[in-house]
Every structure is written in C-alpha cells, then in structure tokens.
Amino acid sequence: MPQDAVRLVGSGKVDKRLFDVTGLIEQGRDDGSRDTLPLIVDRDRRVPAKTALAATWEGIKADQSIQKVWLDGRVKLLDAESFAQVGATRAWDLGFTGRGVTVAVLDGGYDAGHPDLQGKVLEAKDFTGTGVQDTYGHGTHVAATVAGDGMFGGVAKDARLLVGKVCVDEGCDESAVLEAMEWAASRAEVVNLSLGGGASDGTDPLSLAVNRLSEQFGTLFVVAAGNDGEDGVSSPAAADAALAVGSVSKADRLSRFSGRGPRVGDFAVKPDVVAPGEDIGAARAAGTSMGEPIDALHTRADGTSMAAPHVAGAAALVKQAHPEWSGAQVKAALTGAAKSIGRSVYEEGSGRLDVAKAVSAQVVASASSLSFGVLRFPHAQLPPIVRKLSYHNGSPRPVTLPVSSDHDAVKVSVGEITVPGNGSVDVEVTLDPAKVAVGSGSARVVAGDVVTAVGFTAEAEMYELTVVTVGRDGKPSDAEVSALELESGENVDFAQPVGGVTKLRVLKGSYSVDVLVHGDGEHTWASTGKISVDQPTVVTVDARQGKEVGARLDREARRKYVGLDAVYLAGDARVQTGVSSRTSDAFFAVPVKADGAYFNFGTFQVWGGGGHEYFVAAPYAGGIPDELRPRVRDRELYGEQVRYRAQGTPAIGSRSSTPFYVKGQAVTFGVALDLPIPQRRVEHFTGRPDVKWVMDFFQRPLTQPSLGFDGHISAGRLVFPGGKTASRSWNSVAATTDLSLRPFHGLVRFGNNGYVQHWPFAPGEPDASDEFVFGAPYVEARTKLSTVDGKVLANSPGVFANFSGLPEAETRYVLDVQAQRSPKWTPFAPKVSARFEFKSGKTDGNVYLPVPTLRISGAFDDLNRAPAGCRVFPVDVSVVPQTGSVGAAEVKSVTVQASTDDGATWRSVPVVGAKARWKALVRHSDGAEFVSLKVKAVDAAGNSAEQTTMRAYGINRPLG
C-alpha cells in the first residue's frame, strides 16, 4: 500500500480494496481488464482514466469535503432458487395473493418475452448499459419466483414487478445496485436483492443504503444471506434493516452453502429467516442455461438467491393483508411467524418462513431479533443485561398471550401479557451472563406464537493487548499493527493507532506482535518476539531503536527494491509476513532476540548502476540482528555476464530474481524491474547453499505502458556458488517444445496411466521455459497421445493431457503437439508443432519417460536475427533426454529442413555432429525475412522428436 494512503485507509476515508491487487484482478478492475478505475465518491459514481489516477488521488487527498471513497466493486449473483412449501397456498386460500403490492427485483434483468412474466412487469430499467434483457437467467428465475405464472408460478402471483437490471452475467457493479435501490425504494413496497458481496459488518455502502432507504421510504429490502456458509452473512444482507434470508432444503434441512452468522464485528443475529433454496424450479430466460434446465422455459437452481424471492413474495402477501404496516413491521411479522428447524439463531434466524401464519398475525413484536452482542471475559462477573421487547396488537380486541424463553440464561419479566386492542405492551428480556457458556448462544422468546430470536456470545479467556508506537522523532506515530498467535497461527489486525496507541482483545496465549511504524520518508519494522498474554498487556515499539537496512557494495549504486521477510512457526504451519518497497524511503528494523525454532528473518535488496545489478539476500536465523547493512563484495558474490535479446525490435524487458532464503519460507516475494532490451549487463547474486533464486523474465512492446505477464521466460530455481562467474543469455530464439521445466512439465507414466504437460514456445536457451499460467492469454494449443497405429488415447485442448488404461505390454506411442500464438511482442514462432515417438510399458511408480527433446539456438544478433547473404549460417541443435529420465539411448541421427517462404517449400540442409550436439548449416535465400525450421532427432532405440517452428528466426537484410 502506498505510504500516503495508509492514513486515509486507516481513518476510513478510503476503501482498502483499492490497494488489494488480487481483488482488483478478480473483479476485473486491473490494468489488463480496463483503462479506467470506477469509484464511488460519497454517493456519486466517478470513472477516472488510469492515466489520470495520480491527479485524481491528489484531489481526493486534498478535498476535505469528501467523506468516503469506495472502489466501485463487483458483487456476485448468489446462484440458486426454487419454489417450495412456505404456507403460500394456505395464504392464497385466505385471499392473499399480493394484489396491489409492487415488488422490485434488482438483478440481472428479465426475459420480457417469457410467458410466465407476461403482464407482470410495470416498469423495467437498465442500470448496466446493456439493456434489460436477461442474458444469464438469474433475474428471470428470481422474478418468476416472486410473482410468476406458469408451471411453477410465484409466491405473490398477483403482485406487480419492477425490474432493475444491475448485473451482467454473475457480476454486479455496486454503483449500479445503489442507483437502482434509490430508484426502487420510492416505487415499491418490497425490494428483492438476490446478490451480495463478502461477509460484512453492515457498514459497507450497500448495507448503509439499505438502512437509509428503509427508514426514508418504509421499504422492506429482502436480501439473500449469501452462499459462503460459515464464512458469514454477506453484504447487504448484513444491514440492520435488511431481511436476510438463508436457505433450507425442501425437507427443512439447513443448506450447506447458506450464509451463517453471527454478523461480523458486533455478533448480531443474522440471518433473519430461512426459506427453500435448493432445487427450485422457475422461469428460464431465452438463450440461457443457468442451473439445470427442465425445458425451454424452465430451469432448477440452488442458493440463497432462490430462497430470498420466496420471502419477498411472502412480504407482498403480508403487505396486502396489512397495507398500513411499514417494512419493519412486515419484517417483524415474517420473522415472528417463522418455524424453527432446530438450528441456532445464527444459522436459521427465527426459523423457516411460514407466510400463512404471518398474514394472519394480529400481534407483532417490535423487533425481529434481540442481540446482546459480546459478553466480555470474565463474563460470569457481569451484571444481568436487560432489553425491552414491545408487542403491538393490530386488532380491535385485546389478546392474551403466554410469554416464555427456551434458555435458562434468558428470562422474561412476565409469564403472560394482555395486549389491548390497537395497543402495545412491553416485556423485559434479561440475560444472565453467569449462566452463559463460552461461545455463541441462542434462545427464542415466544409470546403466544410470536417468535423472537435472541443471540449472545460469551468471550473465552481474553485480555486487552495494548500496543504503543513511537516514531523515530520520539513522537506518537502512525503504524500498522498485527498479532500472530503462535499456537494456532491465527493472525489478527489492530485498528489504526490513535495518538500512537491501539488496543485489541485477544485470546490468552503466546503471541508475536508485528509493527510497521511510519514516518516522513522512513519506515521501521519490528517484531516483539514471543510474548505471553495472560493478563492485560502493554507493548511499546520505539522506532528509534531500529537499525537501517542497506548494503555496502564495491561501487556506487541505487537501491531499487527492499524487502524485509519474517517466517514464523505457528502451530503446524509456517506464517510469512514482512514489508517491501520500490521507493527510496529509508527502512529500519528493530533488533530482537528470538528462537530460530519459531522465528527467522531476512532482508532482500536490489541495487543497480553503471551496468551492474545486485541481488542481495541476507538471511538471519532467529531474531533480528544489530547490523543490517552487510558488506557485500563482488568477489564473494556469484557474477554473470548477461545478454538480453529482443524479439525482432527493441522492447521493454522486466527482470525478476527473488530468493527463497529465510528458513521455512514457502512463498517468495519480490519485484519485476523494467530494463530496455536488447541490453548487456553484469548481475551479481548472493551465492550460498541456503539461498535459492527464482529467475523470471517478461517482455512487452515499447508502447505497452504496464507490466502484464507477457513473454514470460523462467530459468527455474537456482542455487549459485559464491565467488564464481559465468554467462547467461535470455530471450533467444528458436522456439521448441519443452518437457523439462520442473516441477511443472514432463511426460510421465505411472503404472498404466500417465500425463504430459509441456510448453510449446520454450526459448533457445537450455533450462529455460514458461508455464501455461502466463502464456494462456495468447496461446492456443492441442495435445494428443496416440498409439503408433493411430488409436487416440487422449486429445485435449491446451498443454496438458491425462491418459489412462495404457497397455501393460511395451507399445509404441506418438505424442503430437500443435500450438499457435499472436502476441504483440514477437514476430517469431506464430505456429509450432512437435511430434514425439517412443516406446513404453507398465511402470512401477512415477517415471519420466526417456524421450529425446530438442533445443535450437545460434549466434543471432540482439534482435534474434541472422545476417543476410551468408553462404551458410550455423544453427545449433541440442538433443537431450527429458530431465529425470533413465535409460535413454544415444542419438543416432539429426535431420534439418529449412524454409524461407513460410513453409511453401522446404529443403534439406547439411547437418554435422554427434550425441547431444549438432550443427545445421542453413543457407539464406536472397530477400528472405524469416527462416522456418523442421528438425528431427532419432535415437538408437527408435525414439524420436520432431519439431517444426514457423519463422524460427529473422534475417537482418540490411546487413547482408
């Protein structure tokens, strides 16, 4: 996170999701997906171009009138729906069908031509810019469940609908949802939202809007609780005013996916009710296939998205029965009439929907639930807590009701009440903390047949952990603070310090507190080491004790990157943490002594200047030392003379060398730094047995502004010997099919089964390749395994294929690879193919098969071209068995054909060599621009590899 954003995020002014790179990619907000960044500034949508983000950011920082800046994120449709037994038929028999009530469905639009929805929709409005037509099927299904006709019908078959399209396929922009909520709240008595984001404490923009609009217009928002199970109730179902709906099966069993409470933060009761959300049949939009299609007009689906419209339809029936009731009263009637399925109130709320009982209700409670929140440890010493619950009688005659609680810790003030006609009576509900067990508990207060869910949570043994942060100037400082519980591995974040102080209640246990103290152009990282929290504890982190992180080199250089990495042993897991930066800010770390059995530390830095690049990794076993500026001498490092070629034209390269160097480290963090290519320079690395380098290279055209994963080449994970020198080449042609990049690639047999994973565009350098995760956006491939007589055993798109049921006896096989690509960063190898022929029989365990593999290289220039007009140009061919195989036969022959007219004609070229090293003598035709190659190698066992690479390399015609 940029340092100038830390305070704004900590104060709540700026949404932290704006700096979550993974989240931005998942939501399609990254550089590769769009050139603007949609924001919600207070309640207005803004879409600044990414080229103008710097100016936008400065404006946000300077404008004191802005209260909140959110990412205009994307929430998801919660796939699911069905129509179930919720007492609707009995309500219809009583004359309640939703007539006169309007329900808004804010979803993925609807199929205007669907017969189940004819005459149902009063108005439809698009908030996505794609039209109101439902192209996914979710919105049509939901709308029909509320008020449809036809095979399945709707709960409120005579209600009328407003349709607001806020989602395209499964994605829904929050700004579109907000705009549609404003539109619907003044037009409809009930609004259905079968959508949601992640678990929320009810302070997200959608939840706040539900609360505001419910109070302003008296509208009831019925919201799906989400399909994340125990991960929580999603936004905006988490809103206080929302009627949050979980899901049950048609047998009243809680659905596995149904979002459960308590609510994040305050442990309030959520969801409010449950309704059928499994195997729900309803209308299917034309041209869609969501769920399990039944016929051309209907489909079945699962999810809280399908449960919610049952409740929205039920709300319409109750509203018809009591048109004078507010949305809050309708909500209370529905929750009060629900039937328990025997689960906690944090799983089912008040229970499963019973709309027939709700429309007949005379007495309604003032609240749909009572939440006593969190009882702090030691909760048994707390005094009783009293809440008031009012009951209102909407009929003209008095009603007498017995009142009871089903939990020994929850008492009611009276055993019976008489509620006067059109009047109210208060009942006190008292929670005795001394009778509450540790954990989340639930109860139900029942007055007659009116049910009110009661929730409470008692802390385990917990204590306040206070962290005091002092800056390098001796004053209270901003900081980022977290605590790691060393037994469980659970990590908790503290709130932003106020006046240099932040507090958090934590479970009794052993912790290490990590703190990053911020100053003006400098940052100090600290770990407390192991501390025991068995009473209220105060920890002070004084940044003035920090030692500067750096390196003392043999020459002048500029630091380009710094990373501080810590690895903890916590329970059975290793937990990594730390900080990194590409800025010129100074970084410090506070020395601490710790046991290397649970804590290890290291620094990784990149320095550069004068044609030299330094990659310096310094691991420290146990604690943080006093000296963090090691003396780094060239003669002690591993050095490489490195040549970077470009692919046909100058471009931008991006180089990443990141280390596994801290004991127990599972993930390496680093940075890809741009460099113009072609280029030559000297690279220096820490060389020691316990430091393993992950070597990566990317490339992109000069006109492409930001780094993606284009043109990736991996040189694997390497351990370098200190004090040695060597040379290395990156990004040379010609492309061939790689089987040997471990642990990703290989042609493997195990027993009578096997698999192959390859990369069809590996570079000319040995031991370098790529993985499909990077090349997938611009590569199309097909992988086929057959017997030599033509029986196809596997034929898969992409670079991976599984095969099973192979003959036990030794059989001859053929592996065929076809691939093409169209990236902007290379004119070479637009199309390649490879054919491997080999013998194999049943194996014991995993075996890398001893097939020959090819690499093609040559003395190409910096742009991967050969000089034109050469009498002959030597092309090097390397033939080696795939890495890890045993028993490969000696190479018997290599043949090469060349084409200078993109494969229209081919001619054989002379080849000399033996064993693994061969040289083809290629003649270039006058005027030719590219040379395509066919290379075939055959070993003494009859195994072969044949590679065809179109436009394998270029010809520098001006030099001919």
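I started at Asp426 and, skipping neighbours within four places in sequence, found Lys388, Leu389 and Ser390 in contact with Asp426 (contact means heavy atoms within 4.5 Å). This is a predicted model, so I noted the limits: local features need pLDDT of at least 70, side-chain atom pairs count only at pLDDT 80 or more, and totals for chains, interfaces and linings use all residues. Residues are numbered from 1 along each chain as its sequence is written, and side-chain values use heavy atoms, with hydrogens and water left out.

**Asp426, continued.** I looked up the side chain of Asp426 and got a polar contact with the side chain of Ser390 at 2.4 Å. Polar contact here is a pair of N or O atoms within 3.5 Å; within protein, one must be able to donate a hydrogen and the other to accept it, and residues adjacent in sequence count only if both atoms are side-chain atoms. Asp426 has a relative accessible area of 43%, so I logged this residue as partly exposed (buried is under 20%, exposed over 50%, partly exposed in between; 1.4 Å probe, protein chains only). Asp426 sits in strand S24, residues 424-431 (strands are DSSP runs of E, at least two residues, numbered from the N terminus).

**Strands.** I checked S43 (residues 673-677) next: Leu673, Leu675 and Ile677 make up the covered face, Asp674 and Pro676 the uncovered one. In a regular strand the side chains alternate between the two faces of the sheet. S42 (residues 651-660) runs antiparallel to S43, joined by five bridges (strands pair if DSSP finds at least two bridges between them). Opposite Asp674 I found Ser654.

S54 (residues 800-803) has Ala801 and Phe803 on the covered face, with Phe800 and Asn802 on the uncovered one. Four bridges pair S54 with S50 (residues 753-757), again antiparallel, and Phe800 is the bridge partner of Gln757.

**Rings.** I searched the whole structure and got 22 aromatic pairs. Trp759 and Phe761 are edge-to-face, because their ring centres are 6.0 Å apart and their planes at 65° (rings of Phe, Tyr and Trp, its six-membered ring, pair with centres within 6.5 Å; planes under 30 degrees apart are stacked, over 60 edge-to-face, the rest tilted). Trp759 is buried at 2% relative accessible area, and Phe761 is buried at 6%.

I also noted Arg472 over the face of Phe588, at 3.6 Å from the ring centre (NZ of Lys or CZ of Arg must be within 6 Å of the centre and within 35 degrees of the ring normal). Lys157 lies over the face of Trp92, at 4.4 Å from the ring centre.
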